[in-house]
Amino acid sequence: MVTVNTFKENKGKKKMTMITAYDYLTAKNIDEAGIDAILVGDSLGMVMLGYPDTLAVTMEDMIHHGKAVVRGVKNTFVVVDMPFMSYQASKEEAIRNAGRLMKETGCQAVKIEGAYIDEIKAITRAGIPVVGHLGLTPQSVNSMGGYKVQAKQKESAIKLINDCIALQEAGCFAITLECVPRRIAEYITKILHISTIGIGASNECDCQVLVWQDMTGYSNNEPAKFVKKFANLHDEEVKAFSEYKREVEAMEYPSKEHTYMISDDVYNEVMKEVEGK
Ligand code: KIV
């Protein structure tokens with residue numbers, strides 16, 4: 001079973017893997033593949049609910065999907081995202097909401113976007129493991145002016161490095177680095193004793209994470225530069241739906257092998273009864 005200790009033990013020794021999931025069956029398949037961790041990301045707002053960004057996602061959404069994922073895993077470590085405005089207002093609210101995610105879903109950790117040092121300190125003090133998230137933080141898309149690579153300039157790179165150190169000191173056991181240049185991710189990974197989880201932050205990070213619909217090609221949206229499609233589930237699924245339609249219209253499906261039968265004797269007796277013959 002993967003625990004927070006696995007992240008510590010593997011640091012600098014073995015690369016780890018994380019994939020997002022939002023439902024029971026995907027979680028079960030990810031667990032079966034031996035992936036170390038699942039992130040129930042608030043990206044579910046876009047890939048499951050069709051919102052334009054993650055801002056409308058609620059605590060109830062995260063709990064609903066988090067519960068389904070936890071039911072699907074045996075060994076994989078489950079992290080649930082804290083949604084927009086569930087931790088920013090006060091330490092008390094942050095602890096209450098982090099506690100709800102842990103208690104109601106059964107996950108092993110929560111993830112928080114941004115350098116919310118006091119809130120993270122309060123949550124980790126309550127015994128809740130926290131994954132930080134810096135670089136591109138999608139909940140701040142409006143203040144960032146879009147989804148862009150971060151820490152490319154001197155000031156922003158120095159700020160990112162200092163924020164990572166502050167998150168480590170606040171008690172995070174790992175930090176997600178999203179859309180960060182390789183040399184900055186490499187430096188951060190080297191100076192921290194906790195794990196870095198990269199998404200668009202190079203192979204220098206201790207762990208990689210991708211959204212499952214992106215990495216399996218289930219979504220046919222133009223992917224970001226860092227996404228590799230390891231399959232083409234979108235085309236497979238559309239092909240299956242079209243073939244189903246064709247076969248139904250041609251009366252090829254359901255064929256005999258997909259059909260339940262009744263014996264002639266029983267059928268004749270039923271007919272005698274209902275038709276009065
Ligand atoms: O919500 C999410 O899926 C994430 C990943 C992109 C890291 O935060």
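## Basis of the model

This is a predicted model, in which local features need pLDDT of at least 70 and side-chain atom pairs count only at pLDDT 80 or more, while totals for chains, interfaces and linings use all residues. Residues are numbered from 1 along each chain as its sequence is written, and side-chain values use heavy atoms, with hydrogens and water left out.

## Ligand site

The ligand is surrounded by T20, L39, G41, D42, S43, D81, K111, H133, T176, E178, I199 and V211, a residue being counted as near if one of its heavy atoms lies within 4 Å. This shell divides into three nonpolar, five polar and four charged residues, where Ala, Val, Leu, Ile, Met, Phe, Trp, Tyr, Cys and Pro count as nonpolar, Asp, Glu, Lys and Arg as charged, and the others, Gly among them, as polar.

Oxygen atoms of the ligand lie 2.5 Å from an N or O atom in the side chain of S43, 2.9 Å from a polar side-chain atom of K111, and 3.0 Å from a polar side-chain atom of D42. Taken alone, the ligand exposes 260 Å², of which the protein buries 95% (areas by the Shrake-Rupley method with a 1.4 Å probe).

## Domains and backbone

The domain assignment, automatic or from a database, gives domain 1 (4–231) and domain 2 (237–275), and the C-alpha centres of domain 1 and domain 2 lie 48 Å apart.

The peptide bond from Y253 to P254 is cis, with omega near -5 degrees. M85, a residue other than glycine, has a positive phi near 70 degrees.

Definitions and conventions:
A polar contact is a pair of N or O atoms within 3.5 Å; within protein, one must be able to donate a hydrogen and the other to accept it, and residues adjacent in sequence count only if both atoms are side-chain atoms.
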